[in-house]
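User: Can you walk me through this one? I'll ask as I go.

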Amino acid sequence: MTALDTLRGKYIEAIAAAADEAALEDVRLAALGKKGEISLKMRELGQMSPEERQTVGAALNRLRDELDASLRARKAGLADAALDARLKTEWLDVTLPGRPRRMGTIHPVSQVMAELTAIFADMGFAVAEGPQVESDWFNFDALNIPPEHPARQEHDTFFMARAPGDARPPHVLRTHTSPVQIRAMQAQGAPIRVIAPGRVYRMDMDQTHTPMFHQVEGLAIDRDISMANLKWVLEEFCRAFFEVPSVELRFRASHFPFTEPSAEVDIRCSWEGGQLKIGEGDGWLEILGSGMVHPKVLAAAGVNPDEWQGFAFGMGIDRIAMLKYGIPDLRAFFESDLRWLRHYGFAALDMPDLAGGLSR
Ligand code: DAH
């Protein structure tokens, strides 16, 4: 047996015996490191005769390559074993059910806004917005409610303060979403189809009134839009919103300064055993105001009333939320009582959509 055979046997054995990657690295250094045994032997080649160098050099190269390959193989084996061992201690069953964590709920008003937006979007209405602090021109004048008009008193308006000495009329907290009609038509002109859900403010507080509440405005202007279109849109909306196969609406002649003719709309319902049912019965519930947009309102918004016409409506969101979800007291909507919110709130990740169902 030659000296190289002995060397080979020693390192092959040491490689097999190395228990982990650190021990294996020690073996590698001892054999192939700068000062390793094989490297030193390579250095001795210089002192040999050319013939000797050829045979010993080739044998050393072979030995070095063999040990190198064997080290790599052992290293990969050790790494696999280490990973196996780690996975055994760290295993995770991804099929286990998740750990539920209590998340906030969606407020019924937000839920209803999302529901009605989905329904009207399906009928081609975009969402328009306007400021809650509004000029009195947008909130009143542009809607054909001049300064001395009695409707101004009926609105129980909150006025913003002006700087002392500033004689301009004060801004108001918008008393309805109707000013968004004007803003939307100014921005977009005609034809137009928008809804404007949002907060409105009036000085009022009892079981059915809060100083802040929510409305949704609807506006559809085109060349030949009529009350018949209004009726269809509202019926379609109520059927989808209340999730009933059919509804019956009653149009009652009414008066609003910004529409001519004007109608208040009631929905057929029944009260049996304190339970409200929409769509059947002998009762009627008022749900909105509506009409054909007054020519003066179109003109104020820069839309030519000789060319364009259409309908508008305004509906109380809190009201229809109470009706749909059987919530008795409006004031509770805004008291932030967590027990109430958990009871009436909606799952945070279920967005209403027409295909999947509005209120799963
Ligand atoms: N702005 C009215 C209110 O707050 C509701 C309303 C009635 C809006 C008739 C309309 C409408 O657009 O046509 O009482």
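User: Is Asn144 buried or exposed?
Analyst: Asn144 is buried, with a relative accessible area of 17%. Buried means under 20% relative accessible area, exposed means over 50%, and partly exposed is in between, using a 1.4 Å probe and protein chains only. Before going on: this is a predicted model, where local features need pLDDT of at least 70 and side-chain atom pairs count only at pLDDT 80 or more, while totals for chains, interfaces and linings use all residues. Residues are numbered from 1 along each chain as its sequence is written, and side-chain values use heavy atoms, with hydrogens and water left out.

User: Where is Asn144 in the fold?
Analyst: Asn144 sits in the loop between helix H6 (136–139) and helix H7 (151–154). Helices (H or I, at least four residues) and strands (E, at least two) are DSSP runs numbered from the N terminus.

User: And what is Asn144 in contact with, leaving aside neighbours within four places in sequence?
Analyst: His149, Pro257, His294, Lys296 and Val297. Contact means heavy atoms within 4.5 Å.

User: Which residues does His294 touch, then?
Analyst: Not counting residues up to four places away in sequence, His294 touches Asn144, Pro257, Phe258, Thr259 and Glu260. His294 is in the loop between strand E9 (283–293) and helix H10 (295–300), and at 18% relative accessibility it counts as buried.

User: New topic: rings. How many aromatic pairs are there?
Analyst: The count comes to twelve aromatic pairs. Rings of Phe, Tyr and Trp (its six-membered ring) pair if their centres lie within 6.5 Å; planes under 30 degrees apart are stacked, over 60 edge-to-face, and the rest tilted. One of the pairs is Trp137 with Phe138, which is edge-to-face at 5.0 Å centre to centre and 85° between the planes. Trp137 is partly exposed at 35% relative accessible area, while Phe138 is buried at 11%.

User: What about Trp340 and Tyr344?
Analyst: Their ring centres are 5.0 Å apart and the planes are at 45°, so that pair is tilted. Both residues lie in helix H12 (residues 338–344), four residues apart, about one turn of the helix. Trp340 and Tyr344 are both buried.

User: Which residues form the aromatic cluster?
Analyst: Phe120, Phe125, Phe237, Phe241, Phe242, Phe311 and Phe313 form one cluster. Lys324 lies over the face of Phe241, at 4.6 Å from the ring centre. For that, NZ of Lys or CZ of Arg has to be within 6 Å of the ring centre and within 35 degrees of the ring normal.

User: Which residues make the contact?
Analyst: Phe237, Phe241 and Phe242 come from H9, and Ile320, Leu323 and Lys324 from H11.

User: Why call H11 largely enclosed?
Analyst: Eight of the nine residues of H11 are buried, so the rest of the structure largely encloses it. Among them are Asp318 and Lys324. Just after H11, Gly326 takes a positive phi of about 60°.

User: Which other residue has a positive phi although it is not a glycine?
Analyst: Glu243 is one, at about 55°, in the loop between H9 and strand E6 (249–256). At 40% relative accessibility, Glu243 counts as partly exposed. Asp156 also has a positive phi, near 45°, and is partly exposed at 31%.
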